[in-house]
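Thank you all for making time this morning. I would like to walk through one structure with you, starting from a single residue and then widening the view to the chains as a whole.

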Amino acid sequence: MIHFERTKLANGLTVIVHQDKTTPMVAIDVCYNVGSRDEHPDRTGFAHLFEHLMFGGSKHIPSYDEPLQKAGGDNNAFTSNDLTNYYLTLPKNNIETGFWLESDRMLELAFSKSSLEVQRNVVIEEFKQRTLNQPYGDVWALLRQLAYKVHPYQWPTIGREISHIEKATMQQVKDFFFAHYAPDNAVLVVAGDVDFDKVVTLADRWFGPIPNRAVKPRSIPQEPEQTEIREQSVVRDVPNDTIYMAYHMPDRLDPNYYATDLISDVLSNGNSSRMYLNLVQKEKMFTELDAYLSGDNEPGLFVVSGKPSNGISLETARKAIEKELDRMKQERVSEYELEKVKNKVEANIEYSEMNYLNKAMNLATNEILQDADLINSQVDFYRSVTSAQIQEVAQQIFRTENCSVLNYIAKKSEHVES
Amino acid sequence: MLNRKIQPTVHPIEHIDMVQAEKRLLSNGIPVYFVNAGSQDVVKIDFIFEAGTWFQPANLVASLCNSMLEEGSSNFSAAEIGEKFDFYGAYIQLMADQNYGNFNIISLGKYLPTILEITENMIKHSVFPQYELEVLIDKNKQKFLLENQKVKTLCQKKFTQVMFGEAHPYAITNKIEDFDQVSREMLVEFYQSFYHSGNCRIIAAGQVDESVLALLEAHFGGADWQRNTIETPYYEVSPDPHKFHHVEKANGIQSAVRMGKFWVPKNHPDYHALSVLVTILGGYFGSRLMTNIREEKGYTYGIGSFVLSLKHVSYLIITTEVGNEYIEPTLNEIAIEMKRLQTEPVSENELETVKSYLLGEFLRDFDGPFALAGSFKAINDFDLDYSFYDNYLHVLRNITSEELMRLAQQYLNPEDFYTVVAGSTFPTNLT
């Protein structure tokens with residue numbers, strides 16, 4: 001259970017405070033409701049590039065990092081399809097430096113030309129490091145493109161191609177900032193040994209004067225229901241064939257989301273999970289086999305990925321996976337098995353609450369999703385899932401026509417390249 | 001009136017609450033270090049054995065032996081072990097590094113009695129089933145092949161070979177053929193020689209009290225798992241005479257770079273001051289290398305320098321991955337940054353920044369039970385005590401620019417460094 005207090009400033013900024021007296025530090029998390037789903041299809045990777053630019057100086061402060069380091073602080077940020085999250089930790093006495101820095105870059109960036117040029121280059125190198133120069137590095141790009149035809153989840157956060165990043169202009173950067181970076185499109189969470197009134201006073205002082213920017217609610221085209229199986233095969237210079245099967249699944253606020261998550265746990269979370277026990281350990285058909293959710297706020301993907309053992313074809317591998325998925329559709333999971341995955345979820349939630357920064361991040365991302373208090377209902381949501389519901393959800397999701405298959409084929413070394 | 005141009009007053013960090021580990025002994029002499037902290041009902045217990053690659057008779061033995069500890073014991077099959085841990089939401093973390101074989105468990109406190117009962121059997125009576133071993137070897141083979149496609153892996157391997165010499169246990173020399181040479185008997189023998197009470201210490205962190213000690217005593221305090229301690233071998237390093245090496249990796253568009261040299265051990269009088277120097281060079285986001293090579297030139301997504309202190313040898317290493325066209329400029333800039341540290345005193349402003357940053361990091365290193373346990377292990381591995389950290393704080397608060405420049409002159413000569421580049425482009429000017 002995470003206790004917190006919440007208020008909203010006149011300019012629309014939501015402020016959440018969680019008191020944790022066990023730490024000498026304080027975490028400040030500013031989460032913006034903008035992610036790669038808000039990008040134009042010809043300018044993908046922009047939300048993430050923008051995250052880099054947020055460290056290139058703001059209106060009144062030429063350097064973000066140095067003053068933070070002077071206050072004993074550390075920081076980082078990440079961009080997802082759904083949101084962009086900035087977080088820092090500081091010794092609690094120096095909390096005001098965090099407010100000063102974060103409010104100034106919410107107010108306005110420096111929009112420096114050199115920062116744009118350098119960060120474009122840094123992001124291009126990041127693109128290479130994460131995708132082009134990495135075995136299996138393009139899997140998510142391929143899989144998303146296969147599974148989504150309309151929804152912007154079809155491109156990865158890093159971007160669809162390097163040229164989109166290369167072409168980013170200063171005007172686009174400015175437009176993006178004023179369209180999305182605003183108090184009315186963000187959540188401020190402070191966690192640590194702090195009290196609510198003091199945080200609200202600081203928030204009023206530093207964030208209060210930032211104008212509300214009347215951010216327009218997003219209107220994103222929804223993905224039409226998939227009506228037939230999609231399949232793509234690619235040959236790459238990797239050591240092993242790998243199969244990826246992606247099924248459309250419910251959004252984060254759908255009551256069936258939790259059942260779907262438990263399905264992935266039954267199948268592949270831990271050494272006693274079904275797919276590991278049956279297909280990796282017993283049948284030795286795979287050396288790696290995982291089932292997981294993309295974790296997106298809007299309807300995401302349930303993915304199964306597996307590396308078949310030597311001598312097992314991708315077709316045989318696929319049949320074996322389908323057999324396990326069919327079992328989820330045909331038989332109810334036992335009460336014991338359900339209890340087991342629920343216990344594990346509950347333990348994981350307990351572990352995650354050990355750290356003040358973790359808690360701040362969870363509060364922020366849940367508030368962006370809908371309501372920070374969701375994190376306190378999670379256990380009950382998971383606990384209330386029944387085996388009948390799991391079976392129903394499995395039947396809804398694991399339909400052939402709802403599936404996108406990516407066959408990732410290892411280039412054989414004996415083949416001569418043409 | 002709010003002045004956004006001026007930073008709010010920064011308060012120096014004066015008080016640091018260092019919760020220290022408390023040493024206890026089990027009846028058979030196993031030291032148990034208690035780190036009692038945290039507000040959650042969570043316990044992490046590390047069983048640490050001197051069973052790293054230093055002691056292995058052949059490649060892969062230490063890590064496979066360690067991994068096999070969850071693949072079956074006299075009372076529990078691999079499947080049953082998995083089943084129990086999953087049911088209680090507990091985790092086993094197995095890891096063999098250069099010196100230690102680690103068996104760590106994380107559990108909710110309320111399930112600890114059950115978890116420790118299984119853990120006892122796993123640690124004391126591992127059975128190394130052939131079938132599970134084959135599955136494990138197949139899995140690891142595939143992982144090995146995958147890792148070997150990454151320039152950073154190829155680079156790190158070559159770097160350790162160049163620094164230590166291929167016969168030294170700190171050199172990573174694993175080959176795919178090694179997987180076929182490991183036998184069950186080798187693992188069993190290694191297990192019997194190194195996983196016993198005479199070769200074990202325990203660190204318990206979280207909400208730990210006398211009841212946890214009683215549990216540890218009941219399960220691990222007996223004389224029943226004492227075996228003869230093997231004499232520790234000693235290996236001398238045998239570095240390569242050539243300072244520059246290239247590893248070919250076809251078709252890569254980025255290259256991995258490792259630059260490094262031997263470094264002083266943790267008990268050396270210069271160690272702490274050098275930590276500050278290495279941080280200035282490449283140890284934080286505002287470091288010289290990050291500022292110059294990422295934030296000004298955009299050659300890389302990241303570059304850093306850090307010290308790796310191993311039990312018998314320490315080294316400094318600079319790591320990055322850069323576009324092929326940036327290899328030579330990057331290596332030049334690294335050398336320039338070292339020279340700058342040797343010839344220009346670090347400004348008061350920069351020194352203040354790095355001191356504050358490191359003090360903040362220090363607070364983080366002593367915040368929460370797991371961090372506290374980690375900080376304790378970092379000294380305990382080297383038979384050091386908490387005065388190590390007191391000394392560090394003293395040095396950190398008092399170090400001067402002059403001292404740093406003197407150290408840079410002594411320790412940061414570019415010509416002393418070994419450089420390994422892995423990628424498709426051979427930087428011809430540098431051989």
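Let me begin with Glu401(A), which sits in the loop between α15 (387-397) and β11 (403-410) of chain A. Please keep in mind throughout that what you see is a predicted model. Is Glu401(A) buried or exposed? Glu401(A) counts as exposed, because it has 10 C-beta neighbours inside 10 Å, and a residue is called exposed at 12 or fewer. Leaving aside residues up to four places away in sequence, Glu401(A) touches Gln226(A), Thr227(A), Glu228(A) and Ile229(A). As a further reference point, Pro255(A) is 146 residues away from Glu401(A) in sequence, and the two are 23 Å apart in space, C-alpha to C-alpha.

Let me now step back to chain A as a whole. Its secondary structure comes to 15 helices and 11 strands, and the C-alpha trace spans about 65 × 55 × 35 Å along its principal axes. The radius of gyration of chain A is 23 Å, which agrees with the value near 22 Å that a compact globule of 418 residues would have. Of those 418 residues, 50% are buried. If we take the contacts in chain A between residues at least 6 apart in sequence, 79% of them join residues at least 24 apart.

Next, the domains. Chain A is divided into domain 1 (5-206) and domain 2 (230-410), and the C-alpha centres of these two domains of chain A lie 28 Å apart. How many residues of each domain of chain A are in contact with the other? There are 29 from domain 1 of chain A and 26 from domain 2 of chain A. On the domain 1 side of that contact in chain A, the elements giving two or more residues are β2 (14-19), β3 (25-32), β5 (84-91), α5 (139-147) and β6 (186-192), and the largest share, five residues, comes from α5(A). By class, this side of domain 1 of chain A has 17 nonpolar, eight polar and four charged residues.

Turning to chain B, the domain assignment gives domain 1 (22-220) and domain 2 (244-430), and here the C-alpha centres of the two domains of chain B lie 30 Å apart. The contact between them takes 20 residues from domain 1 of chain B and 27 residues from domain 2 of chain B. On the side of domain 1 of chain B that touches domain 2 of chain B, two or more residues come from each of β2 (31-36), α5 (151-164) and β6 (200-206) of chain B, with α5(B) giving the most, nine residues. The classes on that side of domain 1 of chain B are 12 nonpolar, five polar and three charged residues.

Finally, let us look at where the two chains meet. Here 59 residues of chain A are in contact with 57 residues of chain B. Which elements of chain A each supply at least two residues of the side that touches chain B? They are α2 (65-70), α3 (95-107), α4 (113-132), α10 (274-282), β9 (286-293) and α12 (335-352) of chain A. By class, the side of chain A that touches chain B has 18 nonpolar, 22 polar and 19 charged residues.

That is where I will stop, and I am happy to go back to any part of the model.

Definitions and conventions. Residues numbered from 1 in each chain as written. Chains lettered and ligands numbered in written order. Predicted model: local features only at pLDDT ≥ 70, side-chain atom pairs only at ≥ 80, totals over all residues. Domains from an automatic or database assignment. Contact = placed C-beta atoms within 7 Å. Helix = DSSP H or I, 4+ residues; strand = E, 2+ residues; numbered from the N terminus. Nonpolar A, V, L, I, M, F, W, Y, C, P; charged D, E, K, R; others polar. Rg over C-alpha atoms; globule rule 2.2 N^0.38 Å. Buried ≥ 20, exposed ≤ 12 C-beta atoms within 10 Å, placed from the backbone.
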